[in-house]
Amino acid sequence: MRRPAPPRHPSLWAGTLILALVLVPAALSAVWTPFPPGAIDIAHRLLSPSLRHVLGTDPFGRDVASRLMVATLNSGLVCAAAIALGGLVGIPLGLLGAAPGWGGALVMRIADLGLAFPPLLTAAMLVAAEGTGIAAEIVAIGAFNVPAFMRIARGGALSVLHRDFIAAARVAGRGRVAILLEHVLPNIGAILLVQATLALAIAALSEAGLSYLGLGMPPPLPSLGRILADDQARIFDAPLLVIAPGAVVALLVLGCNLLGDGLRDRLDPTLAPVR
Amino acid sequence: MIRAVGARLGGMALTLLLGSVIVFLLLNALPGDPALVMLGLDATPDAVVRLHHQLGLDLPLPLRYLRWAGGLLTLHLGTSLTYAVPVSQLLADRLRITLPLAGITLLLSVAIGLPVGVAAAARQGRVSDTAIMVAAQLFKAIPDFWGGVLLILLFALVLHWLPSGGFPGWEPSPLAALRALVLPALALALPQAAILARFMRSATLGALSEDFVRTARAKGLGTQAALWRHAVPNALVPVITLVGIQFPLLLTGTIIVETVFDLPGLGRLVLEAIDQRDLPVVQDIVLLLVGLVVLVNVAVDLAALRLDPRLGGERRA
Amino acid sequence: MGSRGVTLQRAAHDAPGLLAYGAALLLAMTMQPALAQKTTLAVGMALEPPVLDPTVNPAEPIRFITNGNVLEGLLRIDQAGEVQPLLARSWTVSADGLRYDFQLQPGVRFHDGAAFDCSVVQFSYGRAAAADSLNPQRQFFVPIKGVACPSPLEAVVTLDHPVGSFAYDMAWPDAAMVSPGSVTGNGPHPIGTGPYRFDSWRRGDSVVLVRNDGYWGQKPAIRTVTFRFIGDPLAATNALESGGLDAYPSFPSRQLLARFTHDPRFAVVPGSSPNKVILALNEARHPFDDVRVRRALAMAIDRPAILQAIDVPDGRVIGSHMAPSDPDYVDLSARYPFDPAEAKRLLAAAGVRPGTRIAIAIPPIDYARQTGELVAAYLGQVGLDAELVPVEWPQWLSRVFVHADYDATVIAHVEPHDLDLYARPHYYFGYHDAGYAALYRQYDASLDPAQRHLLSAALQRKLADDEPNVFLFSLPRTNVWDAKLHGMWHDQPIPAVPIAGVSWAP
């Protein structure tokens, strides 16, 4: 665009900052939290925020900040696993689909099918079949992510495969798989990274929604959506209990979106925004 | 064009067929026994066996699939195990809430998102543009159920303007029924509108920089005229595609928001039916939703094709 | 809505402009049309019934809607928990307790016009007792040897062996009179002899009953009753405040009650119900077969603190399988006081190592989820590794209840007088005690109220000693309704929301 001296990737920085704000305490919770997140202390229930309890305590006397830290880590790990699953299945399928012939059509059909099953429907069926569980949640969110990775990998591969250096590699006798790994993948790495970041935002929203409905990870593992659902009736006497977990989800999503947009601008300015 | 339509309809049928097999297999592998749920705590084994037979649960799986799929093709949706009424009747009742909700949401998000996006594009680079885009980023990040809770807090519990949930039914007072849908639709529409606004802005800017628009402007066409006569119509193609991409998430958003606002719609029905192992209802609803998603995608595809014939082949956003 | 409200809505419909629409909206919101004498009633309930026939399905919401409203039995249970005549005007019991003579109410007809007489009693009891009966309380009817009809208005029921609670049992909704001609349709459309006829059922929303003008008894004041299913506490609050509901027995949320206690338009009325929330233990599994372990678990859990934490400070800690509202109740709540140190000692004595895993199955209900989470935390404090396993209802029924494939579960037993559960040979607790079973047989056969009371107390003490389950507490019920409404049941000795005695103050 014809903008005079635009600020250098402000959204990249804003996104990184916001994500750090949310994810650093979350990562820290793996080794340290202000209070044990599950420690019940009924004598000190529903305390207002103070220096001791930064976000107060919940109806069971548990430290809200500690629980949110752990919940963010749990939600974040589920989302990361789901994206990894989407990428691990989607990228090879997409590269395969770049091959000429009926393979491409079949791969695109699978992509259509995946898109037709939003995470909530898959999760609902899986939970009904297996009960709640982390695996069901990861699969449900991951499956919906497969098509996007497939399309991008296939599109990227198709555009790269026509270039001269591929022909050169072929002439040099490199095998098909080797070409895909050595030449195609590095060339679409940037766009895949952008996709993963943006998909993480949608995954965070899905995860929160699933655990809000009770279809996500099972208790007593704290998760952001379920903390909100559990304390929803507290909206009068302790609104912070309802506001805080939602705000963390929103920050997580905002951070991922900003980071994704920023990465895209930086890595490949010619890319049109996907969403 | 006709070939393209045929190819897409064929693909749609194939997707639906595969989808129905997946739904059937997943749901019929459930451990809970619907007969046991229906009969309650003290059911005798005999009674369970008889009910199995009556429900056709003693048939082999492929036969049960064929029965179900065959029924769907002839529009016989089966009978709910919990309520003992035709599934079609249940669906009709629930769609009276879910369809208006989805419709109002779509309308609201387009009515808010498109003008805001165009306005931002027209003010590109100015403070107001940046402000709009920052706000859009924020709204885009709000989980719809949390937005719903916040709206309840503000409009229902503090201001007492609108109900915090529940649905009074259309018959006694359509006005009251509409009021019950305002907050849920708003909770769903705000993030969607934010996404649309951002997209509309960049699509409009993209169209403005196209050669033919530049030429028109060089020939003396005003900025406003260029915007409305050329840029906006051209931006609509990708925007329609975007609506298609967003549709599945909007649909499942409806399910979540129906729970937040306690609306007896399709989403609540499917969650309850899963709890009750009401297989016919779950199967039909999940497939209905999957079918809707597929249908909307095909429709969006064809609409984009119609608006911009340059989009040939298989390109789909 | 009054006529003015309707006109306004029409105006809003015709007006094209958003402004007119908004104005109408505001007006409609602020207006409360005056009514002469209200004869409608909208009652909120948390759950929707799956069907409407209590003689084939155990769900509690069925009983709220039908019991005493649509369907009637020979006898009924009043709000104090006493047995009263209904379709039987009076009854006598022989000295040996084997013969019940019921004198039936004359001139009674079902809603479809079918006559009620002794043959209906024969049919209803025979159907409930049959080998293929789906009746949730089939065991009530098994002792019946036969029903004889000396005349159309006299039913003579003879029993195999004396059953001290027989009259009480026949007053349950499961013993409702059903007509042979309409019984198969009772699931979606119940037909009984009650003061209200079934009108319509909008699935997922409401059931409507209308007054039965041909009712044999006194004509009720309320003409139309709508039972609306609103499980979400916030939505229920809103419906009450906006007038969409007139009453909500057993309001589902403690946190939101404060809104009504300060509002003069509403009455917040405490009541009782015979529920017992327990941590059921599977005695068929080690280490729960050891009474020391069961006692240790009881002492590890701070039950008053749990009541605080789940916002029911007025809940009552129980020490046996009996709710404080029951006339036979013996207070054993102090039997195992909270004492983690003693609990640890008992566990060690029983050879239970720290870190032993216990899976607690949690059905999808608020009280179970919250209580389960707290119980797990308390068990963690005495060194046990309690894992929560959330299960859906169908899984709970098949896995826990039917196949007893579980360690422990949090569940509320809501039936009154259900001490027989611990005497059943196959029940999911896995509790087998010859002494208890013998004592129960004695109680069951006893006809003397004073003796029954003493035996019931002995049974309760025996259970407290053995602690087959950890008895947690009985939750109070809090009702919310319009302050002008009279005659609603405060207490719930049996699942029912009888409308016939309800009226609006002028």
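**Contacts between the chains**

Modeller: In this predicted model, a salt bridge joins the side chains of Asp261(A) and Arg198(B), at 2.6 Å from N to O.

Biologist: Why is the pair Asp261(A) and Arg198(B) called a salt bridge?

Modeller: The rule asks for a side-chain nitrogen of Lys or Arg within 4 Å of a carboxyl oxygen of Asp or Glu. Arg198(B) and Asp261(A) are 2.6 Å apart, N to O, so the pair qualifies.

Biologist: How many salt bridges does the rule find across the interface of chain A and chain B?

Modeller: The rule finds one there. Chain A and chain B also have four residue pairs in polar contact, with both residues at pLDDT 80 or more.

Biologist: Which elements of chain A give two or more residues to the side that touches chain B?

Modeller: They are the helices H3 (102-115), H4 (119-130), H5 (134-161), H7 (176-213) and H9 (239-267) of chain A. H9(A) brings the largest share, eleven residues.

Biologist: What makes up that side of chain A by class?

Modeller: There are 34 nonpolar, four polar and seven charged residues on it.

Biologist: How many residues of chain A and chain B are in contact, and how much area is buried between them?

Modeller: The contact involves 45 residues of chain A and 48 residues of chain B. About 4300 Å² is buried between the two chains, with 76% given by carbon and sulfur atoms.

Biologist: Now to the other interface. How much area do chain C and chain A bury between them?

Modeller: Chain C and chain A bury about 1800 Å², and 60% of this lies on carbon and sulfur atoms. Of the area that chain C buries against chain A, 27% comes from Gln255(C), Glu373(C) and Pro390(C), more than from any other three residues. The contact itself takes 22 residues from chain C and 21 residues from chain A.

Biologist: What makes Asp311(C) and Arg234(A) a salt bridge?

Modeller: Their side chains meet at 2.1 Å, N to O. The limit is 4 Å, so this pair counts as well. Four salt bridges are found by the rule across the interface of chain C and chain A, along with six residue pairs in polar contact, both residues at pLDDT 80 or more.

Biologist: Which elements of chain C give two or more residues to the side touching chain A?

Modeller: Those are helix H10 (303-309), helix H12 (366-381) and strand S16 (385-390) of chain C. H12(C) gives the most, seven residues. By class, this side of chain C has eleven nonpolar, six polar and five charged residues.

Technical notes
Residues numbered from 1 in each chain as written. Chains lettered and ligands numbered in written order. Predicted model: local features only at pLDDT ≥ 70, side-chain atom pairs only at ≥ 80, totals over all residues. Heavy atoms only, no water. Contact = heavy atoms within 4.5 Å. Buried area = accessible area lost by both parts, 1.4 Å probe. Polar contact = N/O pair within 3.5 Å; in protein donor to acceptor, adjacent residues only side chain to side chain. Helix = DSSP H or I, 4+ residues; strand = E, 2+ residues; numbered from the N terminus. Nonpolar A, V, L, I, M, F, W, Y, C, P; charged D, E, K, R; others polar.
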